[in-house]
Amino acid sequence: MKNIRCFGAILPIVTLCSGTGAYAQVASAQTSPSSGDAREEDHGSDASLADIVVTAQKRSERLSDVPMSITASSAEQLKDLGVTSTDDLGKLVPGFTFLQGNYGLPVYFIRGIGFSDTTLGVSPAVTVYVDQTPLPFSPMSRGATLDLERVEVLKGPQGTLFGQNSTGGAINYIAAKPTDHLAAGFDLTAGRFDQVDVEGFVSGPVTDTLKVRVAVRREYRGDWQRDYVNGDTIGKKNFLNGRAIIDWKPSESVKLSFSATGWRDKSDVQQEQFQLFRGQNPSDPNPRPVPFPISTYPKAPDNARAASWDPGFNFAKNDSFYQFALRGDVDLSDRVQLTNIASYARFETHIPLDLDGTIYPAARNSTDGTIKSFSEEIRLAGRFGSRLRWMVGGNYQKDKVDESIRLNPQIATEVKIGPFYYNDFIATNLQNIETKSGFGSLDFDLTDRLTLQGSLRYSDQDRKFRGCTRDGGEGDLAAAVSFLSSLITGQTQTIAPGACVTLSDQTGLAVPIVTGQLNEDNLSWRGSANYKFSNHALVYANITKGYKAGSFPTLPAAAVSQLAPVKQESVLAYEVGTKVDMFDRKLELTAAAFYYDYRDKQLVGTRAVFPFGFLPGLVSIPKSKVEGVELGFRAAPFRGLTIDGGGTYLKTKVLSDPVNPTGPFGSQGSFIGNSFPFTPKWQGVVNATYRFALSSQIDAFFGGSATSRSKTTAALFNGDATIAPLEQLLIIKGYTLLDLRAGIETSDGALRFEIWGRNVTNKYYATNANRISDYVYRFAGMPATYGATLRYRFGQ
């Protein structure tokens with residue numbers, strides 16, 4: 001905390017020192033935000049930086065005027081870096097991390113705030129939006145990067161304007177809008193592993209008041225993984241994505257925008273790399289016979305392509321999504337605007353997984369589920385005089401999540417009750433979630449340079465749950481639980497095949513279904529003060545409180561108490577920062593220092609369940625903290641060269657223990673003093689491009705980008721001294737990746753040809769490591785890839 005205070009103390013000094021001299025020369029270089037798009041100014045023949053206009057506070061503002069930490073990138077930069085999904089944002093956003101969860105679902109973290117769970121319907125800590133329309137569950141975000149203007153990544157709690165479940169931050173994609181003239185274009189990419197990606201759009205007016213834009217993208221890639229035991233291959237990508245936007249402006253004061261988005265993903269699931277087979281019951285006097293030599297299976301080599309899986313089994317996912325959204329903006333007067341955004345989304349998933357990482361049919365899993373989500377927001381925004389801006393509104397959201405996880409542990413030492421072995425059981429989770437909220441904000445220019453901001457949101461959520469663990473249908477688990485129930489209760493209970501086998505903690509008998517309800521409310525708030533030393537130098541200080549909703553788990557629950565919900569968590573964030581540009585707009589710097597007071601952090605841990613002992617369940621860490629600093633820059637030191645990048649340092653710490661703190665291999669002991677999993681201390685990105693003229697009509701360019709991060713862990717460990725040998729398997733080592741690109745482009749930007757390479761050093765790195773049942777495995781990042789892209793634009 002001492003370093004944070006010292007850093008915060010020098011921010012105004014840095015701003016004052018950089019705010020002299022150069023700013024008077026460039027005061028006329030501002031842009032006035034009008035459309036919400038990124039805009040560039042003509043600064044003559046000298047190199048200079050373009051202004052970026054964002055809508056982070058639900059109004060158009062220059063990025064340099066917004067008093068919060070934001071990373072904003074254009075569609076061109078996303079394409080340059082090969083960002084095709086939210087999973088890839090770590091290439092340009094320091095402090096952002098992604099992991100594929102234990103059962104194939106994506107999880108996003110910003111500044112260490114995120115929640116890794118196996119449940120399809122779990123509320124995220126980082127919520128994704130497209131044009132302020134929510135994608136309330138992380139798996140829905142796969143196709144959000146299609147045909148964009150830019151992306152805005154807002155760091156820190158964003159609950160007052162974007163709602164709860166954004167305690168880590170919010171990601172808002174801005175889709176490219178219909179044009180008032182005919183425009184079209186395509187991107188064609190070919191690369192390693194038979195990659196062929198095609199994206200195209202057409203846009204233009206239909207009438208004087210009606211405009212349309214349609215975009216489609218198809219991604220294909222052949223097998224990229226190879227079985228290091230038998231030579232089989234897997235890893236096909238088969239993804240189709242589309243969006244249509246219709247803008248209608250019947251009058252000068254009314255604008256309506258309708259969008260329809262959909263995608264389908266039938267790609268192969270990435271296969272894991274086997275590390276270890278370790279029985280959970282090594283002292284069992286009558287262990288289950290193992291028909292395969294799985295305990296001596298060779299560990300996967302440090303090669304990104306190496307993996308193992310069950311031959312002949314179809315590991316292709318079958319995910320689909322569609323969303324319809326309608327936005328209306330009405331100017332009630334020259335100072336008051338009414339906005340309404342309504343949407344309906346449906347997501348379906350089928351994800352098969354090999355949980356053992358071997359060629360033997362030892363353990364498989366499949367997740368099947370459906371999400372239906374309706375949301376509507378209505379708000380009024382306006383001004384009083386020249387100094388006061390206000391906003392008030394309300395939001396309603398209704399979600400239904402129906403999920404089942406089928407586990408087939410053919411070899412697992414714990415799938416035994418007395419003399420009974422069992423396989424193929426199902427964990428089910430049906431949740432109905434209704435959320436109502438009201439919000440408001442005030443911005444007051446106390447002077448021409450000093451602005452005070454405040455915002456509030458009250459949220460009320462009602463979450464209902466139905467679920468249990470079911471026999472897989474063959475009756476083996478039903479017979480095993482019947483035997484156990486008779487031992488506990490002294491009476492015989494007959495459980496039918498396919499029925500619920502979760503036992504009541506009170507009676508010891510299997511219940512027909514487990515039900516629960518979680519009613520929570522909260523008040524998110526934000527207070528901010530920012531001071532402009534000039535039009536090109538800003539310092540700010542924020543205090544923000546945000547919440548992430550509680551939830552019910554999807555677990556193979558032996559007892560009802562395992563399915564108890566975890567309550568909402570909260571983050572109280574303190575942040576000070578500065579944004580300056582200097583040297584006639586050749587250099588822009590941002591800096592921030594922050595401290596998070598993190599309460600009731602949710603995690604998958606253990607619960608004491610009689611007579612089973614410690615079993616998986618959702619638990620809360622009462623108190624923890626995050627301290628950090630963040631630096632960013634954009635530079636145009638001379639004509640043709642642009643450089644941007646940034647870095648984040650995070651220090652996370654558990655300050656108090658949950659009930660029954662249990663490590664990933666069953667060890668008991670305190671978590672206090674340990675850092676959060678999936679939270680590297682250091683992260684950095686840098687991107688550079690140099691452009692020069694080959695002729696009056698042709699430009700050449702070359703560039704590169706590097707991303708780097710320090711090591712982290714995939715789980716919370718017990719104790720703060722030595723790490724046990726088994727836990728070493730769950731350490732994710734640090735790595736640095738290098739991408740390169742070069743090409744030519746016509747001076748009007750209509751035609752572009754580029755060759756590119758990603759991870760050109762073929763660096764081996766892991767993105768996640770898991771321990772499930774008797775198996776420890778990891779996921780590897782992509783090996784070196786290379787290819788070429790042809791891009792054409794008409795009418796842009």
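This report describes the nonpolar cores, strand pairing and aromatic contacts of a predicted model.

## Basis of the model

Residues are numbered from 1 along each chain as its sequence is written. Because the model is predicted, local features need pLDDT of at least 70 and side-chain atom pairs count only at pLDDT 80 or more, while totals for chains, interfaces and linings use all residues; side-chain values use heavy atoms, with hydrogens and water left out.

## Nonpolar cores

The largest nonpolar core has 62 residues, and those with the most contacts inside it are Leu 89, Met 140, Ile 171, Tyr 173 and Leu 355. Such a core is a set of buried Ala, Val, Leu, Ile, Met, Phe, Trp, Tyr and Cys residues joined through side-chain atoms within 4.5 Å, where buried means under 20% relative accessible area, exposed means over 50%, and partly exposed lies in between (1.4 Å probe, protein chains only). Helix α5 (residues 476-489) supplies the largest share of this core, five residues; helices (H or I, at least four residues) and strands (E, at least two) are DSSP runs, numbered from the N terminus.

Leaving aside its neighbours within four places in sequence, Met 140 is in contact (heavy atoms within 4.5 Å) with Leu 135, Trp 263, Phe 321, Ala 345, Phe 347, Ile 371 and Ser 373.

## Strand pairing

Five strands form an open sheet with mixed pairing, in the order β3-β8-β9-β6-β7, and two strands are taken to pair if DSSP finds at least two bridges between them. The edges are held by β3 (70-74) and β7 (133-135), each of which has a single partner strand, so one side of each is left without a neighbour in the sheet. Within this sheet, β3 pairs with strand β8 (residues 148-155) in the antiparallel sense over five bridges, and Ser 74 has Arg 150 in β8 as its bridge partner.

Elsewhere in the description, strand β12 (residues 210-221) and strand β15 (residues 237-251) are antiparallel partners over twelve bridges, with Arg 217 opposite Asn 241 in β15. Strand β15 also pairs with strand β16 (residues 254-265), again in the antiparallel sense, over eleven bridges, and Ile 245 stands opposite Ser 259 in β16. The strands β15 and β16 form a hairpin with two residues between them.

## Aromatic pairs and charges over rings

A search of the whole structure finds 29 aromatic pairs, a pair being rings of Phe, Tyr and Trp (its six-membered ring) with centres within 6.5 Å, where planes under 30 degrees apart count as stacked, over 60 as edge-to-face and the rest as tilted. The rings of Tyr 129 and Phe 162 have centres 5.0 Å apart and planes at 65°, so this pair is edge-to-face. It links distant parts of the chain, with Tyr 129 in strand β6 (residues 126-130) and Phe 162 in helix α4 (residues 159-162), 33 residues apart. Tyr 129 is buried at 6% relative accessibility, and Phe 162 is buried at 7%.

The rings of Tyr 690 and Phe 692 have centres 5.6 Å apart and planes at 25°, so that pair is stacked; Tyr 690 is partly exposed at 27% relative accessibility, as is Phe 692 at 30%. One aromatic cluster is formed by Tyr 228, Phe 274, Tyr 297 and Tyr 360. The charged end of Arg 213 sits over the ring of Phe 201, 4.1 Å from its centre, the criterion being NZ of Lys or CZ of Arg within 6 Å of the ring centre and within 35 degrees of the ring normal. Arg 758 lies over the face of Trp 756, at 4.0 Å from the ring centre.
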